[in-house]
Structures are given as C-alpha cells and as structure tokens.
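User: I'd like to learn how to read a structure like this one, feature by feature. Can you walk me through it?

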Amino acid sequence: MRDADATTTRLADYQPPAYLIDEIALVFTLDPDATLVAARSHVRRVGDTTVPLVLDGKRLDLQSIAIDGEPLDTTQYRIEPDGLIIEAPPAEFHLDVVTRINPAANTTLEGLYMSGGRFCTQCEAEGFRAITFSLDRPDVLSRYAVRIEADPAIPTLLANGNLIESGIADNGKRFAVWVDPHPKPCYLFALCAGAYDSIADEFVTRSGRRVALAIHVDPGEAQRARYAMDSLKRAMKWDEEVFGREYDLDVFNIVAVRDFNFGAMENKGLNVFNSSLILADAETATDGDFEAIEAVVGHEYFHNWTGNRITCRDWFQLCLKEGLTVFREQEFSADQRSRPVQRIKDVKRLRGRQFAEDAGPLAHPVRPSSYQKIDNFYTATVYEKGGEVIRMLEALIGEQAFADGMQLYFDRRDGTASTVEDFIACFAEVSGRDLSQFMRWYDQAGTPALQARGAYDAGARTFELRLKQTTPPTPGQPHKQAVPIPLRVGLMTGDGVALRTRRGSEREAREEHALVLDSPEAAFTFHDVQEAPIPSVLRGFSAPVVLDDGLSVADRLGQMAHDPDPFTRWEAGQAIARASLLGRNANAPNAGLIAALGRELDRAQQDPALAALALRLPDLNELILADPHPDPDRLYAARESLRRAIAEALRGRLLPLARAKSETPFSPGAEAAGRRALKSAALDLLAALGDAEADTLWSAFENAASMTESIAALDALGASGAPAFEAALERFYTRWRDNPLVIDKWFASQAAAPRADAIARVERLRAHGDFEMRNPNRVRALAAAFAMRNPRAFHAADGAGYRFLAGLARDVDALNPALAARLLTPFETWRRFDSHRQGHAKAELEALAASQLSKNAREMVERTLA
Ligand code: TRP
Ligand code: ZN
C-alpha cells in the first residue's frame, strides 16, 4: 500500500535550504532523443554540516559527476528514485554534473520536450529536475549562464536573459550564449530552439532602456502574432504608469508552442505561450481569443515583478505571485476595455469555476497547507480567489494605502523569495492597520454565505441593514471564523432615485457607503432615509461571497432599471432568472424579466457588451451549484423554456441583431467586439426557438466574416437542435482542416452542443483522425468542452458521460499526468446529484483508483472520493 504521508508536503514543515547555488553554468548539446546537459554549479552550505546535499532529479541519465574537478566514485554519492544524495560534501565547491535526457520521448510536456519539431521547456513547478540534478525549490536563487549547442540547421537558440554571443563553433555546431543577470529560481529557467517565423519590435522604457521585443511562432504564422505584440507593448507601458514597474533586460522574447499544458509561462525574459494565446486574426480567432491574448500576455509580463523579481519562498505561497498577478491582469484589461464589463466577466468566471471548487471535495484555501503534487494546486482558488483577496485588500485599506503598500513591497522584497506574510506586512505598515483577521482569507477555504436583511423605520427615517456571515465546512476545516467582508452599499427609492444617506454617526450624507462586516453578524444604521429603500449591498461584487439579500422580484426589476452600479444591474437580472429557474419565484411570472430584457435591448446601443451579458441567463453549471437537489435534465428544460419565452417575446428585436452584416474592416477593439457580442447573444437566444429560426442561424453562419460570428452561429446551430448543424460542421471542417487552433474550436463546439446524441458524438470525435491524445489543446477541446460546457450530457442519468471522461483521462494519464489530473476536476460535483448518478460517478472514480495512475491523477481521484 502506498503511504499517503510519505508523499505529502506540508507548509508547517518548511525548512530553509541547507545549501545554496549562487551561480550555475549550463551547456546544452541539443539532440531530439539524446540531449546532453552539463551543469556546473557553485554550491555553498548555509545549514548544518551534518545535512547531506540532496539534489532533485527525475527521468535523468547520469553521465558523470565531479566535485571541484574530481570525479566522484559510486561510494561518494547515491542515486534514489527522485534524486541524488551526496553525504558529506565540502562547505563550498563546484559541482559538475552531466545528464542525458530524451526530449523526443517526453510526452509529459514538463522539462525539455519537443513540440512541432522544436525544442522547448516547461519548468514550473518542478520540471527543472527533469533536466539536471538540482535544488528544485523556489527559495534557491541562482545566476544563470547558458550555452546552447545544436545542429547548424537549427537557426534560433533562445534562453533567459541577454544574448552574449552566438555563431558557429569550431565543432561545426551552432551555438548561443545567454546570461541572465537576475538571480532566479530554477522554475523560471527556459530554453527554446528551432526554426520559427518571428516578428520584432522595440519598447523604450521610461528611463530610456531600449528593449528588443520578439515573438517566435510556427513558420507561416508570423502575421498572426501582431495583436500579441501590440498587447505586450501596452502591458509594458501600463505597468510603468500604474505600478511604476519597468522592464529590466535588453530583450524580451515570447515563443508560441502548440503543445503546452497551460496557458503560458513567465520564464525570465523568455515567456513561453500556448500558441492559442498568441496567434489571432479576424478570420481564425474569436473576440474571446483576442481578449484572452491581451490578458495573458499582460499576465505573464506582469509576473516579471510579481513572481520573478519577487518570487515565492515555497509553493504554498503560490498565490503570492498568481493571485496578485491575476489582479494586475484584470486591472490591465479593465483599463484597456470596459471596467464594468470586465468585472462582470471576472465574476462569472469566479462563480463558474472557483465557487464550484470551494463547494466540493477539492476545496482548499487560497494558501493550502499541504499537497501531494503541487501541479494540482494551480487552481481557480489560488488564481481567481487569490485575485479577489487582493481586490478586497484594496477596498479595505483604500486606494492610496494599497498603492503605497505595493511600492513598499517592490522596494523591500525585490530579489527575495517571499511569503504572503511578507506581502501583507507591507500593507499593515503603510495603513497602520492590523491585518491579522484578513489573513483568514488566505487560510480558510469555502465561500462565505452572506445574508442581508433590511428594516425601514418611517418615523425615525432610518434603515437598518442586518448582515450575517457563515462559511460552510470544507475538507479538513469543519469550523470557520468570520472574515472581514468589504461591502459597497447604496440605497435607492422604488422609482430609481439614489438616496443620499448618513451612516451611524457620520455627518456627511452619501449615495454609496463602504462597510466592513468583520464579525459573524452586525447591524448598520442609515439615517435621513426618506422612504423605504431598495438596498444594493454588494456593488461591484466587492467580496467573493454568495449573497442572499431577500429582495423581491419588483426590487430587482428596480435595480435592473436604475441602479447606478452596472454589476448590480446585471446581477439583478441574473438573480431573477436564477430564482425562476430554481422554482423559487412561485407567484412572480417571468413577464417582468422579459420586459426588462426588452429594455436592455432598447438601450443596447449605449453599451452593447453590457447588454449582451444581460441577455445570457445563468448557465446550467451555476444552477446546478445553486440547487440543493439538482436534476440536470429538469434545470436544462426550465432554462430552455425561459430562453424560448424570451426569444419569442423579443424576436422582432433579436432578428435584426442576428442578421446584422459583419463589420469591415475588422477591429479587435472592445467596441466592435461588444457589437459582435450582442449579435452572438441574439443568435444564442434565437437558438432556443429550434427549427423555427434555423434559417437565420444558418445564414449567420454562411455570411460570417469573423471567427466570432462563425462560432456564435455554429454554437447556436448546435444548441438549436436543427439538422443544419451537421452541414455547417462539414463546411467549417473543410475550410479549416489545416489550422489546428480552429479545428480545436470545431471539436469544442460539437462537444458542447447540448444535443440528445452528445455522448455518441464525443465518442465519434475521440476516434476522429484529427483527435490527438498528445496535444493538450485538442484533448481539452473535446474533454473539457464536454464536461464543463455540456453538463446535461456529462451528468447523463445512465453514467455514460462519466464513463467517457474517466476513460479518456485514464488514457491521457499514461502520457501526460498533469493534463489527466486536470481533466478529472469536473467530477468534483458528483456528490450533489441523486444517488443513481452518484453511483455511476463513484464507480468510475473507484475504477480509476484501482488502476495504474500517476501521482497527479491519483491525488485528484482520492481527494474527489474522500
Ligand atoms: N505560472 C504560469 C502562469 O500562471 C502557470 C503555468 C504555466 C504552469 N505552465 C505551468 C503551472 C505548468 C504549473 C505547471 O502564468
Ligand atoms: Zn501566473
């Protein structure tokens, strides 16, 4: 039996490193199936003399090892399954290690591997140990010098830092020498080599440093990297203006690879991207793709300060770089596009992914306290909730103190491997506040439920708002304490006049109040309230909580029409729909909602992107999460019937939107994208009319001049049940069969189509000649699109959806454990369903547990079953 404890790493057990490596010189002799890596490290003991030097290593073939030039014999070191141990090394020495690795055979996409015939690396979190024996932990920072030698036919050789020298060596090989002056942990190491097409540009920093920018992509794709380059320059400028951060090397390279486990990676001076987050043009990319490219290019660039210059002491501090960088990325996107639209999209994403995680067996704090495989903790909680925690910090201490705290953090922690405490200490210091209670947001899992109830006293003209918070138990955390919840509260009259009120003993009246609920319950009193108000208590979604505000449908309709906060207006419509679909609006027909959506359409031209969001009902996953006894078929039917009612009532206004001619020339900017989003929302609603509007959907598909419109029409045909879906799929395939990123969309659109034959369809796609088990984008286009976007089929009563996902994950696991583990996350909701479905899910999970699994997948299966 496996000993679970032997493989568990705990935050409480953290020990500083006993040895450090100040300098490391690497020489790579590249060969697809036999690459030699010679590493010379300057090692220094800082701990106890009795502690051996333990180097991490996996899948390595040791060729030689020497200390200060003296080869070691086999009595002087020991090779173990996960590393190499030198019992009693000198206090300070040069360690020479030569390892041989096989990039071509590496299907894990971690360490050094091949993608499309080109070499690339992925070292976060623990991939460097698959390249050479190393102190593979983020608190060991070293200066790197890297020499790459390769076949002269390989034109481009890249690594971190600045290029010092390159050419053809005496041995006839092409070589390049890269030196990175900034000490870094090995997870930020990167090497890429191959034949690329590249685009180049330049950025001059505000202090006058000229930075050579380049993006390297698959041959023939260079023009599609233009938008990414533009995004990069805007991100560099924005970080100077908003956070005062400048870039610190002479070059900044981005390489796009087709086979990549995540979105992108922030390696110092050499970001590596999934090609889906670099390549875009009007014909092949949707507006969502353009938006994601801008966001992720920004995200990885922003890591240069939040992650690289200041890194993490250990992997438990992952949110220190990821939550903060998500926050910076969201702010960047909000400034580049529309702040309210960005906020609503971020909230949708948080609720869709993170709230589900927090409510199930995989729930964990933003800063977990133990893990088996750290790869499994690159989660929505660490990223998205981690970003929300920073946003709340800003709300609690105020914009100025937050900005000051950030500057103190950059000054004080630059060049270090830090903890969340180090970060928070900067804000406590500048604000003079005690932030110890705030730390609960990092250490406590689960989504707080917030209840708000108001009482108006007409005689005293006061309004009392009573607030109560509770956080449900999560695995390993049965009892929760109160967290400080920042709230932006406004009061409005029934006909939409914002009330200026005073709170407590305040003298000044205002339209919006900043409150903090930091105890299990509290009451807040507002004065000078002329009439019974409609309170909106979570403006801007100021905290990641589930709010029960007890408002009536009439109150919410008032908010939809008049609340000054766009988030509240959007949320009011969602809340009416949610209650209706969950069967909780017993005596309130949907007419009010439908009329309100009609008014959204009337004013849609003011902000089409916002109107588009209002027209989308809460998705099925959200309803499943909100329903204590979810029946996916019933919820799906309820949602479709409301969509049909809306589409019938608003048909006359939806049709012209759906028939709108494509705008030329194409602009990827937020305004044009907003108009296309409105058209897509119209197509989506018309799909609810089934065959009746199939012609409209078909001609939208036929006449689409952008990928956004093409996919919106294709998805709508899929959802409509119309037979024309098949013909559209065939056309789409014929046109795009040579573009893998577009074919990913073809797979995803089918896997997500909520049709009766969904299971048969995904099984057919799995057997399709274009299905590639080794390519994460293609696997996700099938598996994640099915399990996350097609919940009715995934949760099919006969268990066929569960069987499909488990089977696919098992096969992927043999090649790529990190990917397989991630594919299994949709099982996290399994206990919410009826006993029949639970039985099917459990049987699949138990069969997985009983089979040969990677450590990654096993951890996920066991936690999901626990
Ligand atoms: N640090 C990356 C980011 O958020 C995430 C990442 C990329 C990653 N590749 C990975 C995490 C591989 C774990 C393993 O920007
Ligand atoms: Zn990141």
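Predicted model: local features only at pLDDT ≥ 70, side-chain atom pairs only at ≥ 80, totals over all residues.

User: Let's start with the metal. Which residues coordinate the zinc ion (ligand 2)?

Analyst: The zinc ion (ligand 2) is held by NE2 of H299, NE2 of H303 and an OE atom of E322, at 1.9 to 2.1 Å. Along the sequence, those donor residues follow the spacing H-x3-H-x18-E. H299 belongs to helix α2 (residues 287–302) and E322 to helix α3 (residues 318–336), so the pair ties together parts that are 23 residues apart in sequence.

User: Is H299 buried or exposed? And what about E322, buried or exposed?

Analyst: The cut-off to keep in mind is that buried means under 20% relative accessible area. H299 has 4% relative accessibility, so it counts as buried. E322, at 1%, is buried as well.

User: Now the other ligand. Which residues come nearest to ligand 1?

Analyst: There are 13 residues around ligand 1, and E124, A264, E266, E300 and Y383 come nearest. The side chain of Q122 has an N or O atom 3.2 Å from a nitrogen of ligand 1.

User: How do I read a residue in a loop? Where does D248 lie?

Analyst: D248 is in the loop between α1 (226–243) and β19 (251–257). Its relative accessible area is 8%, so D248 is buried. Leaving out residues up to four places away in sequence, D248 touches H182, R209, K268, N304 and R309. With N304, the contact is polar, side chain to side chain, at 3.2 Å.

User: And sheets? What is the strand order in the open sheet of 8 strands?

Analyst: The general idea is that strands of a sheet pair through backbone hydrogen bonds, either parallel or antiparallel. In this structure the order is β6-β5-β9-β3-β2-β12-β15-β14, with mixed pairing. At the edges stand β6 (70–71) and β14 (162–168), each with a single partner strand, so one side of each has no neighbour in the sheet. β14 pairs with β15 (residues 174–184) in the antiparallel sense over 6 bridges, and I168 has R174 as its bridge partner in β15.

User: Which strands pair with β30?

Analyst: Among them is β26 (residues 462–470), which runs antiparallel to β30 (residues 521–527) over 6 bridges.

User: What does L467 touch?

Analyst: L467 sits in β26. Its contacts beyond four places in sequence include L450, L487, L517 and F524. L467 and F524 are 57 residues apart in sequence, yet their C-alpha atoms are 8.1 Å apart. L467 is at 2% relative accessibility, so it is buried.

User: Last one: how many residues does helix α15 have?

Analyst: Helix α15 (residues 670–686) has 17 residues, and from first C-alpha to last it reaches 24 Å, close to the 24 Å expected at 1.5 Å a residue. Of those 17 residues, 13 are buried, so α15 is largely enclosed by the rest of the structure.

Key
Residues numbered from 1 in each chain as written. Chains lettered and ligands numbered in written order. Heavy atoms only, no water. Helix = DSSP H or I, 4+ residues; strand = E, 2+ residues; numbered from the N terminus. Expected span 1.5 Å × (residues − 1). Buried < 20%, exposed > 50% of the residue type's maximum accessible area, 1.4 Å probe, protein only. Pairing = 2+ DSSP bridges. Contact = heavy atoms within 4.5 Å. Donors = N, O, S within 2.8 Å, 3.2 Å for Na, K, Ca; no water. Near = heavy atom within 4 Å. Polar contact = N/O pair within 3.5 Å; in protein donor to acceptor, adjacent residues only side chain to side chain.
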